[in-house]
Amino acid sequence: MSLISLVVTLIVVGVLLWLVNTYIPMDGKIKKILNAVVVICVVIWLLYAFGILKDGSNITVPQVR
């Protein structure tokens with residue numbers, strides 16, 4: 001992924017989040033939750049983009065019997 005596409009994606013996500021926060025009327029608690037979810041998703045996406053997190057296929061979950 002090139003640096004330009006990374007920056008453009010971050011700008012688009014930021015503008016969309018700003019538009020939702022500005023023009024869609026909703027409770028302040030819901031806006032805080034929405035902002036937190038978007039920020040967490042963007043941080044995880046950036047960690048994958050920079051190769052800090054790898055494919056999650058090697059994560060094993062123990063089986064409950």
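Residues are classed by relative accessible area: buried means under 20%, exposed over 50%, and partly exposed in between (1.4 Å probe, protein chains only). By this scale valine 37 is partly exposed, with a relative accessible area of 45%. The structure is a predicted model, in which local features need pLDDT of at least 70, side-chain atom pairs count only at pLDDT 80 or more, and totals for chains, interfaces and linings use all residues. Residues are numbered from 1 along each chain as its sequence is written, and side-chain values use heavy atoms, with hydrogens and water left out.

The protein has two helices and zero strands. Helices (H or I, at least four residues) and strands (E, at least two) are DSSP runs, numbered from the N terminus. The radius of gyration, taken over C-alpha atoms, is 16 Å. Of the 65 residues, 5% count as buried. The accessible surface comes to about 5,600 Å², by the Shrake-Rupley method with a 1.4 Å probe. Carbon and sulfur atoms account for 73% of that surface.

Helix α1 spans residues 3-23 and helix α2 residues 28-49. Their axes, lines fitted to C-alpha atoms over the stretch in contact, come within 11 Å and cross at roughly 175 degrees. Angles run from 0 to 180 degrees between N-to-C directions. Those under 35 degrees count as roughly parallel, over 145 as roughly antiparallel, 65 to 115 as roughly perpendicular and the rest as oblique. The two helices are therefore roughly antiparallel. Contact means heavy atoms within 4.5 Å. On the α1 side the contacting residues include Leu6, Leu10, Val13 and Leu17. Among their counterparts in α2 are Leu34, Val38, Val42 and Trp45.

Methionine 26 lies in the loop between α1 and α2. At 26% relative accessibility, methionine 26 is partly exposed. Beyond its neighbours within four places in sequence, methionine 26 is in contact with Val20, Lys31 and Leu34. Valine 37 belongs to helix α2. Its C-alpha atom is separated by 21 Å from that of aspartate 55, 18 residues apart along the chain.

One aromatic pair is counted. Tryptophan 18 and tyrosine 23 form this pair, which is edge-to-face, at 6.0 Å centre to centre and 80 degrees between the planes. Rings of Phe, Tyr and Trp (its six-membered ring) pair if their centres lie within 6.5 Å; planes under 30 degrees apart count as stacked, over 60 as edge-to-face and the rest as tilted. Tryptophan 18 is partly exposed at 48% relative accessibility, whereas tyrosine 23 is exposed at 57%.

Key: Rg over C-alpha atoms; globule rule 2.2 N^0.38 Å.
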